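Hi,

Here is the structure I promised to pass on. Have a look at it first, then read my notes below.

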Amino acid sequence: MGVDWKHKTIRACIGLGLGLGMSAMLATGAAAEGLVKYEVVDDGVPQSLTGKPGDAERGRKVIINRKQGNCLACHAISVLASEPFHGEIGPSLDGVAERYSEAQLRLILINAKAVFPDTIMPAFYRNDGFTRVMKKFRGKTILTAQQVEDVLAFLKALK
Amino acid sequence: MGLRKMGPNKRNLAVGAVMALMTLGLGVAAQAQEMIRRIDNPPPGHPLPEIISGYEFRAPETQALQDDDFDNPGFLWVEQGEELWDEAEGKAGKSCADCHGDPAESMKTAGAEYPKWNEKLGKPINLEARINLCRTENMQAKPWKLESEQMLSMTSFVRTQARGVPVKVQIDGPMKPFFEKGKKLYYTRMGQLDMACANCHEDNYGKRIRSDMLSQGQINGFPTYRLKWQKVGSIHRRFKGCMKQVRAEPFKPGSDEFTALELYVAYRGTGLSVEAPAVRQ
């Protein structure tokens, strides 16, 4: 576990330069209109996007919903074992709150590529900088700011 | 066309269909060919450490369905293609057979070599485009729509003639820029989910996304009978589906973009046996 964390920290540091640039663009750029502004501090986003605490139960639904978070497509979560078919693409989210701080998790949800540039994981709170987005999703984020906070509330309990 | 409406089980009972298959000379003899489905030492410069047919990623039941020519529902289209081969159409009053004769001979390798360079158009064309050129120019007939029963039947039939033949597409000379274009598309993240072909099919093959195991996205089995589609479909239809899944605006089937991508993906499967009509989930 120690080695894993160290490795992740190194990767986070490497990604940070890019992450800061991208996030700054996100938060202030004209194309990112409609998004709640947020500030990246170190390798995380410490402030809630909505100023309100997330709701873990609503977060659970977003995580399961295949048209919203669809987190189980790639990640296994043991406490959601009653849901069928957990994917193997990303790491298991069991204990994820022990591996990352709330601020780090928030940034990974907002835009995982700010931390892991080569990841397959989509940016859940970003609405520009994409290529050939299907019309009905253009200019939109995958999740709302509140949904990001709700998912985060659920993940925070995974210790 | 009544054949198409019959379920595979009914079809098995139809003695006529069995006879037709036997006269086709497909079936047992072709199936006995050794199929190359895994290459452990790809040539230098190849992007994959191993080249694996989509067959290897599927459940045993799905594999069994493909392996038996009488159970394989893709053969409904192959059989229709065989009928169309001999049908004269268009103002020239010609059939495929009039120019190409015995398909077992004339089409022995074509299915392994497309997309191929077309001098007149100055670009590579895929098998569908080649068939439509034959129709419009040589037969003076109307082109077939890309996902029409006729086109799927003819491509299934032609590709099945090359079953067992290792895929080998030209990528040098005039093909080079189109190959590079296809390669660029393969590695370009697209759509709201911001994923490139490579994110799934190079970085994560062999892993499950929900209940589905990701393959290398090889196309040596196309046209493929997909259980999800309940019919045979083209490579470009599959590309389109992938793009929609990542919430991207798909390119048009038959477009230069998809043809370039087809060329590049075919190259990634160099050496795999053509195994049309494959059965996939």
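One definition to start: two strands pair if DSSP finds at least two bridges between them. The helices (H or I, at least four residues) and strands (E, at least two) I mention are DSSP runs, numbered from the N terminus. Keep in mind that this is a predicted model, where local features need pLDDT of at least 70, side-chain atom pairs count only at pLDDT 80 or more, and totals for chains, interfaces and linings use all residues. Residues are numbered from 1 along each chain as its sequence is written, while chains are lettered from A and ligands numbered from 1 in the order in which they are written.

Strand 7 (residues 224–226) of chain B runs antiparallel to strand 8 of chain B, and they pair over 3 bridges. Here Arg226(B) sits opposite Lys231(B), which belongs to strand 8 of chain B. In general, strands of a sheet are held in pairs by backbone hydrogen bonds, parallel or antiparallel. In chain B, 3 strands make up an open sheet with mixed pairing, in the order 8-7-9. Strand 8 and strand 9 (278–280) of chain B are at the edges with a single partner strand each, so one side of each has no neighbour in the sheet. From one strand to the next, the twist averages 35°.

What does helix 14 of chain B pack against? Its buried residues pack against strand 8 (231–233) and helix 15 (256–268) of chain B. A residue is buried if 20 or more other C-beta atoms lie within 10 Å of its own, exposed if 12 or fewer, and partly exposed in between, with C-beta atoms placed from the backbone. In helix 14 (residues 235–245) of chain B, the buried ones are Ile235(B), His236(B), Arg237(B), Arg238(B), Phe239(B) and Met243(B). Just after this helix, Arg247(B) has a positive phi of about 60°.

Next, pick out Ala260(B), which is in helix 15 of chain B. Ala260(B) counts as buried because it has 25 C-beta neighbours inside 10 Å. Leaving aside neighbours within four places in sequence, Ala260(B) is in contact (C-beta atoms, placed from the backbone, within 7 Å) with Phe178(B), Lys181(B), Gly182(B) and Leu185(B). Ala260(B) and Lys184(B) are 76 residues apart in sequence, yet their C-alpha atoms are 9.5 Å apart in space.

Now for a helix pair. The axes of helix 6 (residues 75–85) and helix 11 (residues 149–161) of chain B come within 7 Å and cross at roughly 95°. Axes are lines fitted to C-alpha atoms, for helices over the stretch in contact, and angles run from 0 to 180 degrees between N-to-C directions. The two helices are therefore roughly perpendicular (65 to 115 degrees). Residues in this contact include Trp77(B) and Trp85(B) of helix 6 and Met154(B) and Phe157(B) of helix 11.

Finally, the chains themselves. Chain B has 15 helices and 9 strands, and 39% of its 281 residues count as buried. Chain A has 5 helices and 0 strands, and 38% of its 159 residues count as buried. How many residues does each chain bring to the contact? Chain A brings 18 and chain B brings 20. The chain A side has 13 nonpolar, 2 polar and 3 charged residues; Ala, Val, Leu, Ile, Met, Phe, Trp, Tyr, Cys and Pro count as nonpolar, Asp, Glu, Lys and Arg as charged, and the others, Gly among them, as polar.

Cheers

Conventions
Two residues are in contact if their C-beta atoms, placed from the backbone, lie within 7 Å. Angles under 35 degrees count as roughly parallel, over 145 as roughly antiparallel, 65 to 115 as roughly perpendicular and the rest as oblique.
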